[in-house]
Amino acid sequence: MSRVNAIITGVGGYVPDYVLTNEELSRMVDTSDEWIMTRVGIKERRILTEEGLGTSYMARKAAKQLVKKTGVDPQTIDALIVATSTADYKFPSTASIVLGKLGLKNAYAFDFWGACCGFLYALDHAAMMIQSGRVKKVILIGADKMSSIIDYKDRQTCPLFGDGAAAVLLEATEEENIGVMDSYLRCDGKGLPFLHLKAGGSVSPPSHFTVDHRLHYLYQEGRTVFRYAVTNMSDDCALIAERNHLDKDSIRWIVPHQANMRIIEAVAKRLELSMDQVMVNIEHYGNTSAATIPLALWDNEHLLRKGDNMIFTAFGAGFVHGASYYKWAYDGGEK
């Protein structure tokens, strides 16, 4: 009996219309285009400004585009997963809201909380679901409305993040040597002091004190996070390449989490790859957390060819990190 594997058969995406530029940010906090570009490589980011719309709105838009592009019958979808750290509500899950809006009648749904590593982690788990034979088609969405947890008075963090969503359709295949090939996922658990959202959870529920002291915004100790991200993403990519006998000549693409251009360049250097082999869109979207990897696929789908060897890698709060080896399953069409 042939081994069942999971392949991506389509990509959909959505970014809000509003573009928050470095120039506009420089009128809000003490920063500049030169300062931001030099340190992180971000020129602009998209922001969901419409009141009453959250992460589920962007996730639904990305999923609807995916369904239209692939032509998949929504009633054949077995599961829907949303990787996010900015759920619409504490409950119900964002995935359940998206499922309802899409009218999926035969699927179950859940959120996957893995911070900026959410899509990478969820991809591996969705692949295992398919490999088990229990499901055949999964919609996996990475989506975050980071603007909802960013303090636009904090010059250290407000230039870094943006909003967006992207979705992939994962399907079962018996074709050999294609799809999700290998993953290395880890968490060292040391990240709480350096990257967190202090209030709003069960340890520190919302109160006048937490609001007055601005504790519902993302806190990041940038230098520590940068150091851990460079080390772990580089090491993880090197490990996944080595154990799958991949070298600079056989790797077609690195698809890294888009947090900092210097981190991305360090990963490429470790693998001795040119930047032409790295998917980069951080300049236009910033860090969209769980959405960065699928958004990079969405932007570059037209360049992909069947059999392309790809390494996905990410790092996030926790500290969670990892890398996955994926072999692309179809020739991309027009952008």
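Predicted model: local features only at pLDDT ≥ 70, side-chain atom pairs only at ≥ 80, totals over all residues.
Visitor: How are α3 and α4 oriented to each other: roughly parallel, or oblique?
Guide: Let's start with the general idea: two packed helices are described by the angle between their axes and the distance between the axes. For α3 (residues 55-70) and α4 (residues 94-102), the axes come within 9 Å and cross at roughly 45°. Angles under 35 degrees count as roughly parallel. The pair α3 and α4 is therefore oblique.

Visitor: Which class has five residues in the contact of α3 with α4?
Guide: Look at who takes part: α3 brings T55, S56, A59, R60, A63 and K64, and these meet T94, I97, V98, K101 and L102 of α4. Three of the residues in this contact are polar and three are charged. The class with five is nonpolar.

Visitor: What is the order of the strands in the open sheet?
Guide: Good one to trace on the structure! The edge strands are β8 (179-187) and β11 (253-256), each pairing on one side only. The sheet has four strands, with mixed pairing, and the order is β8-β13-β12-β11.

Visitor: Which residue stands opposite D182?
Guide: In general, strands of a sheet pair through backbone hydrogen bonds, either parallel or antiparallel. Here β8 and β13 (residues 320-327) run antiparallel and are joined by eight bridges. Within β13, the residue opposite D182 is Y325.

Visitor: Which helix lies across β8, β11, β12 and β13?
Guide: Find β12 at residues 309-316, then look for a helix running at about 150° to this strand. That helix covers residues 222-243, and its name is α7.

Visitor: How are α7 and α8 oriented to each other: roughly parallel, or oblique?
Guide: Helix α8 spans residues 261-270, and its axis comes within 9 Å of the axis of α7. The two axes cross at roughly 30°, and angles under 35 degrees count as roughly parallel. So α7 and α8 are roughly parallel.

Visitor: In the contact of α7 with α8, how many residues are nonpolar?
Guide: From α7 come F226, A229, V230, M233, S234, D235, C237 and A238, while α8 supplies R262, I263, A266, V267 and R270. One residue of this contact is polar and three are charged. The nonpolar count is nine.

Visitor: Is the crossing of α7 and α8 left-handed or right-handed?
Guide: You can compare two pairs here. Helix α3 passes α4 in a right-handed crossing. For α7 passing α8, the crossing is right-handed.

How values were computed: Residues numbered from 1 in each chain as written. Heavy atoms only, no water. Axes fitted to C-alpha atoms, helices over the stretch in contact; angles between N-to-C directions. Helix = DSSP H or I, 4+ residues; strand = E, 2+ residues; numbered from the N terminus. Parallel < 35°, antiparallel > 145°, perpendicular 65-115°, else oblique. Left-handed = near helix turned anticlockwise from the far one by under 90°. Contact = heavy atoms within 4.5 Å. Nonpolar A, V, L, I, M, F, W, Y, C, P; charged D, E, K, R; others polar. Pairing = 2+ DSSP bridges.
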